[in-house]
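Please keep the sequence and the model open while reading.

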Amino acid sequence: MTKLPDNAPSLTPGEPGPARRRRRAARRLRRSLRAVLRGGARARRAWDAFVAWFNALELTENAILLTFAVLIGLVGAAGVILFYRAIDLAFTVAFRWTGDVLGPGVRAVYRPVITALGMAAAWALVRSLRGREGGENVAALQLAVARRGGRIPARPALVRTAASAVTLGAGASAGSEGPVAVLGATVGSLLGRAFRFDRERIKVLVAAGAASGISASFNAPLAGAFFALEEVLGSLGVAAFPPVVVASVVAAVVSRSVLGDHPAFAIPVEYGFTLRREIVLFYPLLGVLAGLVAVAFVRCFFGVGEWARRLRVPPLALPLAGGVVVGLMVWASGGALVGYGHLGIRLEVFGRMAWTTLALLAAGKILATSLTLGAGGSGGVFTPSLFIGAATGGAFGVALDTLFPGLHLAPEAYALVGMGAVVAAATHAPITAILIVFEMTNDYAIMLPLMLCTVVATVVARHVEPDSLYSGWLRRRGEHLEHGADRDVLAGLRVADVFDRDPPVIGEGAPLRQVAARLGRTSRAEFPVVDDALRLVGMASVAELARAAHELEHLGVGIVAADLAEPTETVSPGDTLLEAVRRMGVRGVSTLPVVDPASGRLLGTVDRGEILAAYARAVGGAEERDADGGP
């Protein structure tokens, strides 16, 4: 009889073999999963019951919004603090500790490598989302408010915020305001959806979250509130103002308790202006220059992004190559181009350098930021705009001081004003730009030149380049937002969706008697008049046709429809219903012909009734989605 080895498994009935043990383990795992699922279902039912109880309390709108504003302000400020701490930690480990060990001789190679690896890591994080949208930047918040009722997916927003922290910590050139605004807005969106709030209330909470992020980031509660109202909501609505302000103030209080209660830029003196010629001549000239520099930033930013998308290179090669170039630029600038938070701007430096050096810094920051964000990094554009503006204003002020040494000008004042001017011109947010420079400096003496220069820069930039850094991002994705609730809905609908493709028309040679005989068979007020090729000749109104028919014996029998056709505004199928309403208002008509823009051929008509019906369907559909969607 063969003897079993000592290490052979026992086959006695009381001790299960490996297969039996695996089956038992699988059964235990299934029981555990069922218990977890049952617990999750119970937790979901408990939460639903709590939400139903809360919504049945019949609290006033102000009570609900202000309570949630306090909570959003607390959470938003905590998120900003953690975000900055993560950036500082990454920067310290990657550059200060390791750089001290390696020594200055190796940094020319070391910095580009770290920046390239950081941008590649950020690219990989965003790529893990597999194309899921949400939380990209401030423009994405605008889109979420205007088109999706404030719904911001949490995971994409959080992943992109983490990617921004990696990008900034690795020493690339980007801003922190976009990620912190998105982070706060995501908190507001999550809370609103978790409590089954309607679209309008969620939009207000999203704006409150964005305000808390900007306020805590820049120590600027007033600018944070107006940024949310001006850029995210797109209106200074009375109903949204209290919760947005409360969230902004709470966030500022929390951040000051941790980060310190001091301006973002410590200023030894108040600058302002001392000569009338400065406010009459010098600062308006700076406004023109700042507007043109902002246009250069906008065009370079989108141009580099489009160029990068056209490159036929492996996907990972782009962030690596872009990181190397940005790292070399930052090293060559002595670290002046590094853009982690607003701490990258040292105001006193912008009044001491040569104007040519400052001009190169402004150009370098434009290129470095465009490369960082175009090649796969993540971050915002608001803080880089501040840097570009400070360098532009500083260069202008130093040049003036060199040309007119007897005037004893203060180049730092021009740097401050330039900051606000370029931000306003690049983002089309002049109110926010004025307030944020004032709050970050606590220098009231600078307000007059700041306001004037900001307005001039915004007008110049809008005249030269219609797009801002935010609207350009949206337009390249087929979106054109119009602020205001009704306008947002109409701007999202096209004429092609609603126009009548078979309207009654009148031939241009139709005799007046024949036309008059048709008037009693339709309720239309206006008719398109067309030629034999169906090209539009004009519009004939029922009132004009009736008047002509009544006076037929005086006008003669030779009158035809073309004689009564009047010029009119037209729309094409690709135009928005908002544009159609505007063109109706030009001539005070209720019907517009829809024509082929290439041939002028009539395709149909669109009237106010069809537009109102489409608007009602869009609004009704959104309300049904709110009722069924949940968080």
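## Salt bridges

Arg-201 and Glu-61 join through their side chains in a salt bridge, 2.5 Å from N to O. Arg-201 belongs to helix H7 (residues 199-218) and Glu-61 to helix H2 (residues 61-102), so this pair ties together parts that are 140 residues apart in sequence. Arg-201 counts as buried at 13% relative accessibility, and Glu-61, with a relative accessible area of 38%, is partly exposed. The model is a predicted one, in which local features need pLDDT of at least 70, side-chain atom pairs count only at pLDDT 80 or more, and totals for chains, interfaces and linings use all residues. Residues are numbered from 1 along each chain as its sequence is written, and side-chain values use heavy atoms, with hydrogens and water left out.

Some terms used here need their cut-offs. A salt bridge is a side-chain nitrogen of Lys or Arg within 4 Å of a carboxyl oxygen of Asp or Glu. Buried stands for under 20% relative accessible area, exposed for over 50%, and partly exposed for what lies in between (1.4 Å probe, protein chains only). Helices (H or I, at least four residues) and strands (E, at least two) are DSSP runs, numbered from the N terminus.

## Salt bridges within a helix

The structure holds seven salt bridges. One of them joins the side chains of Lys-203 and Glu-200, at 3.5 Å from N to O. Both residues lie in helix H7, three residues apart, or about one turn of the helix. Lys-203 is buried, with a relative accessible area of 10%, while Glu-200 is partly exposed at 46% relative accessibility. An α-helix has 3.6 residues a turn, so residues three or four places apart point the same way.

Glu-579 and Arg-583 also form a salt bridge, their closest N and O atoms being 2.8 Å apart. These two lie in helix H23 (residues 577-587), four residues apart, again about one turn of the helix. Glu-579 is partly exposed, with a relative accessible area of 24%, and Arg-583 is partly exposed, with 22%. A network of salt bridges links Asp-575, Glu-579 and Arg-583.

## Aromatic pairs

The structure holds 12 aromatic pairs. Among them, Phe-218 and Phe-382 form a tilted pair, 5.9 Å centre to centre with 55 degrees between the planes. This pair links distant parts of the chain, with Phe-218 in helix H7 and Phe-382 in helix H13 (residues 382-403), 164 residues apart. Phe-218 is buried, with a relative accessible area of 0%, and Phe-382 is buried, with a relative accessible area of 2%. Phe-227 and Phe-382 form an edge-to-face pair, 6.1 Å centre to centre with 90 degrees between the planes. Phe-227 lies in helix H8 (residues 221-233) and Phe-382 in helix H13, so the pair ties together parts that are 155 residues apart in sequence. Phe-227 and Phe-382 are both buried.

Rings of Phe, Tyr and Trp (its six-membered ring) pair if their centres lie within 6.5 Å; planes under 30 degrees apart count as stacked, over 60 as edge-to-face and the rest as tilted. Ring pairs also link Phe-68, Phe-195 and Phe-197 into a cluster.

## Helix H5

Helix H5 (residues 154-169) has 16 residues and spans 22 Å from its first C-alpha to its last, close to the 22 Å expected at 1.5 Å a residue. The expected span is 1.5 Å times one less than the number of residues. Buried residues in H5 include Pro-156, Val-159, Arg-160, Ser-164 and Leu-168. Gly-171 follows H5, and its phi is positive, near 85 degrees.

## Cysteines

The structure holds zero disulfides, a disulfide being a pair of cysteine sulfur atoms within 2.5 Å. Cys-300 is partly exposed, with a relative accessible area of 22%, whereas Cys-453 is buried, with 0%.

## The chain as a whole

The chain has 24 helices and five strands. Of its 631 residues, 50% count as buried. Among contacts (heavy atoms within 4.5 Å) between residues at least 6 apart in sequence, 77% join residues at least 24 apart.

The chain exposes about 29,200 Å², and carbon and sulfur atoms supply 62% of this area. Accessible areas come from the Shrake-Rupley method with a 1.4 Å probe; for residues, only the protein chains shown count as cover.
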